[in-house]
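Hi,

Here is the structure I promised to pass on.

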Amino acid sequence: MRSDDWYLTEDVDDFLARAGDFLRSRPGPHVMQLTWAERVRVRGAEAFGTEAPVFGALERAGEVHATFHRLPHRGLGPSPLTPEQADSLAAHLAALGHSLPSVSADHGTATAFAEAWQRHTGATPRLRDTRLRLYRLGTLAPPQPPPAGRGRVLGEQDLEDAMFWCGEFAKAVGEDVVIDAGTWAGTRFADKRYTLWETPDGTPVSLAGMNPLIGGQVQVDVVYTPAHLRGRGYAGAVTAEVSRAALAAGARDVVLFADLSNPTSNALYQRLGYRTLADWAVYDFAHTEAAGTAPARPDSSDTGRP
């Protein structure tokens, strides 16, 4: 395979014109490329700093066979790749002088690329401890009976509530992000729609969010219940509420990521009807430190949480 079959562009509209049909053909495995391409398209490349995001497509005979995205100062996010495709991409990026802090993808792709990047650059890959699983909804099975209360969709007037709950979630999962009125619009949390589960007296007890409908798919993202309120069915109720809303909005596919170190949440999603689509892996590359440049701190683009 020739590495020059990879087409790179900083123009997200150009990328989507070339690769949009390919991405939409399998929206589940392509959730990261679809999400970040849409986010760049809506916000504009300038929102991501002085260095533009980079997108790429592997083209042969007028057809796209694979893609990737790379945000400024962040890791590589490829679509599923064969070992040969991973090697060709690593060779192409290395030849262009790219320096990558990490790669995040389905486990097979991430491993294949990490090994290829080591061959072409000498960088030592290290598998990150964070292990995620990507689920896709089959038939929704809401908890029966649900806990007492109801779901309440947050609107523009509820920005303070949204920022508070997302801040608590970020602290719980170790995301290095400041969430306040000044930073909100630039975070990954700003373009989601949130639902709070409230007890009959109006006390909020659990939050779930969902990304916009992209390519016929909605990703449920941000599910959080404070530690002292867990085990009462609130997370299941609010996740079912958001999943139902995604289907009502026209989603053909509904997906979410779960941390494999949390068996409780994984069991919950499976009871709700979610089925395994892929296991996710992130490899960090040690050459960034060896070159005197500290690797970027992990964020949602590194870990598979758009």
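The mean positions of the 30 positive and 37 negative charges of the protein chain lie 6 Å apart. Here Lys and Arg count as positive and Asp and Glu as negative, with His and the chain ends not counted; each charge is placed at NZ of Lys, CZ of Arg, CG of Asp or CD of Glu.

Before you read on: this is a predicted model, so local features need pLDDT of at least 70 and side-chain atom pairs count only at pLDDT 80 or more, while totals for chains, interfaces and linings use all residues. Residues are numbered from 1 along each chain as its sequence is written, and side-chain values use heavy atoms, with hydrogens and water left out.

Now the overall picture. The protein chain has nine helices and 13 strands (DSSP runs numbered from the N terminus: helices are H or I with at least four residues, strands are E with at least two). Its radius of gyration is 19 Å, close to the 19 Å that the globule rule gives for 306 residues, so the chain is as compact as a globular protein of that length. That radius is taken over C-alpha atoms, and the rule is 2.2 Å times the number of residues to the power 0.38. The C-alpha trace spans about 60 × 40 × 35 Å along its principal axes.

Of the 306 residues, 51% count as buried (buried is under 20% relative accessible area, exposed over 50%, partly exposed in between, with a 1.4 Å probe and protein chains only). Among contacts between residues at least 6 apart in sequence, 71% join residues at least 24 apart; a contact means heavy atoms within 4.5 Å.

Next, the aromatic rings. A search of the whole structure finds 13 aromatic pairs (rings of Phe, Tyr and Trp, its six-membered ring, with centres within 6.5 Å; planes under 30 degrees apart are stacked, over 60 edge-to-face, the rest tilted). The rings of Trp184 and Tyr194 have centres 6.5 Å apart and planes at 50°, so that pair is tilted. Trp184 sits in the loop between helix 5 (159-173) and strand 9, and Tyr194 in strand 9, so the pair ties together parts 10 residues apart in sequence. Trp184 is buried at 10% relative accessibility, and Tyr194 is buried at 3%. Phe113, Trp117 and Phe285 make up one aromatic cluster.

Thr195 is also in strand 9 (residues 193-198) and is buried, at 4% relative accessible area. Leaving aside neighbours within four places in sequence, its contacts include Gly151, Ser206 and Val238.

Ala258, in strand 12 (residues 253-259), is buried with a relative accessible area of 4%. The C-alpha atoms of Ala258 and Tyr135 are 7.7 Å apart, although 123 residues separate them along the chain.

Finally, some backbone details. Gln144 and Pro145 are joined by a cis peptide bond, with omega about -5°; Pro145 is in the loop between strand 7 (132-137) and strand 8 (150-153). Ala61 is not a glycine, yet has a positive phi of about 50°. Ala61 falls in the loop between strand 2 (54-60) and strand 3 (63-70) and is exposed, at 85% relative accessible area. Val222 has a positive phi too, near 80°, but belongs to strand 11 (residues 217-224) and is buried at 3%.

Cheers
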